[in-house]
Amino acid sequence: MVVDQFSEVEIDRLFRALADGTRRDILRRTLAGEASVSTLASYYDMSFAAVQKHVAMLQEAGLVTKERRGRERLVRGDPERLARARVLLTQLEGLWRERGRQLDDLLAHDPKE
């Protein structure tokens with residue numbers, strides 16, 4: 001694979017977590033500051049349980065952490081994990097750009113030469 005810091009399972013979890021707009025918004029909010037699951041649920045037109053599932057998927061991907069404080073579960077975004085994901089995406093972009101260049105070279109090659 002492109003990057004040694006992620007297993008294939010971790011990459012799948014990461015992309016699955018980032019594939020949904022609500023999860024990306026939760027991540028954005030929790031990178032700005034920790035928030036309780038209840039507070040997060042108040043921002044969306046969905047059930048508390050649905051927001052909990054979104055948070056759980058982000059947590060599985062390592063993009064957020066959850067900590068119990070009293071009766072609340074506080075969610076905090078993990079900027080280091082997001083930075084590692086950015087490195088992965090940059091490497092994947094480089095890989096696909098190189099493959100595109102190789103295809104261009106192949107298609108530009110005149111077999112009569």
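Trainee: At what angle do the axes of α1 and α5 cross?

Mentor: At roughly 100 degrees, and the axes come within 12 Å. Axes here are lines fitted to C-alpha atoms, for helices over the stretch in contact, and angles run from 0 to 180 degrees between N-to-C directions. Helices are DSSP runs of H or I with at least four residues, strands are runs of E with at least two, and numbering goes from the N terminus. This is a predicted model, in which local features need pLDDT of at least 70 and side-chain atom pairs count only at pLDDT 80 or more, while totals for chains, interfaces and linings use all residues. Residues are numbered from 1 along each chain as its sequence is written, and side-chain values use heavy atoms, with hydrogens and water left out.

Trainee: So how are α1 and α5 oriented, parallel or perpendicular?

Mentor: Roughly perpendicular to each other. That label covers 65 to 115 degrees; under 35 is roughly parallel, over 145 roughly antiparallel, and the rest oblique.

Trainee: Which residues make the contact of α1 and α5?

Mentor: From α1, E10, I11, L14 and F15; from α5, R81, A85, L88, L89 and L92. Contact means heavy atoms within 4.5 Å. By class, the residues of this contact are seven nonpolar, no polar and two charged. Nonpolar is Ala, Val, Leu, Ile, Met, Phe, Trp, Tyr, Cys and Pro; charged is Asp, Glu, Lys and Arg; the others, Gly among them, are polar.

Trainee: What do the side chains of E10 and R81 form?

Mentor: A salt bridge, at 3.8 Å from N to O. The term requires a side-chain nitrogen of Lys or Arg within 4 Å of a carboxyl oxygen of Asp or Glu. E10 sits in α1 (residues 8–18) and R81 in α5 (residues 79–108), so the pair ties together parts that are 71 residues apart in sequence.

Trainee: Is R81 buried or exposed?

Mentor: R81 is buried, at 12% relative accessible area, whereas E10 is partly exposed at 25%. Buried is under 20%, exposed is over 50%, and partly exposed lies in between (1.4 Å probe, protein chains only).

Trainee: How many salt bridges are there in the whole structure?

Mentor: A search finds nine. E34, E67, R69 and R76 are linked by salt bridges in a network. R28 pairs with D25 at 2.6 Å, N to O. These two are three residues apart in α2 (residues 21–32), about one helical turn, and D25 is buried at 18%.

Trainee: And what does R101 pair with?

Mentor: With E98, whose closest O atom is 3.1 Å from the N atom of R101. R101 and E98 are three residues apart in α5, about one helical turn. R101 is partly exposed at 44%, and E98 is partly exposed at 35%.

Trainee: Back to packing. How do α2 and α4 cross?

Mentor: Their axes cross at roughly 75 degrees and come within 10 Å, α4 being residues 48–60. That makes α2 roughly perpendicular to α4. T22, R23, I26 and L27 in α2 meet V51, H54, V55, M57 and L58 in α4. The residues of this contact are six nonpolar, two polar and one charged.

Trainee: What else does L27 touch?

Mentor: Besides L58, L27 touches L18, L63, V64, G77 and L82, leaving aside residues up to four places away in sequence. L27 is buried, with a relative accessible area of 5%. L27 and F48 are 21 residues apart in sequence, with 16 Å between their C-alpha atoms.
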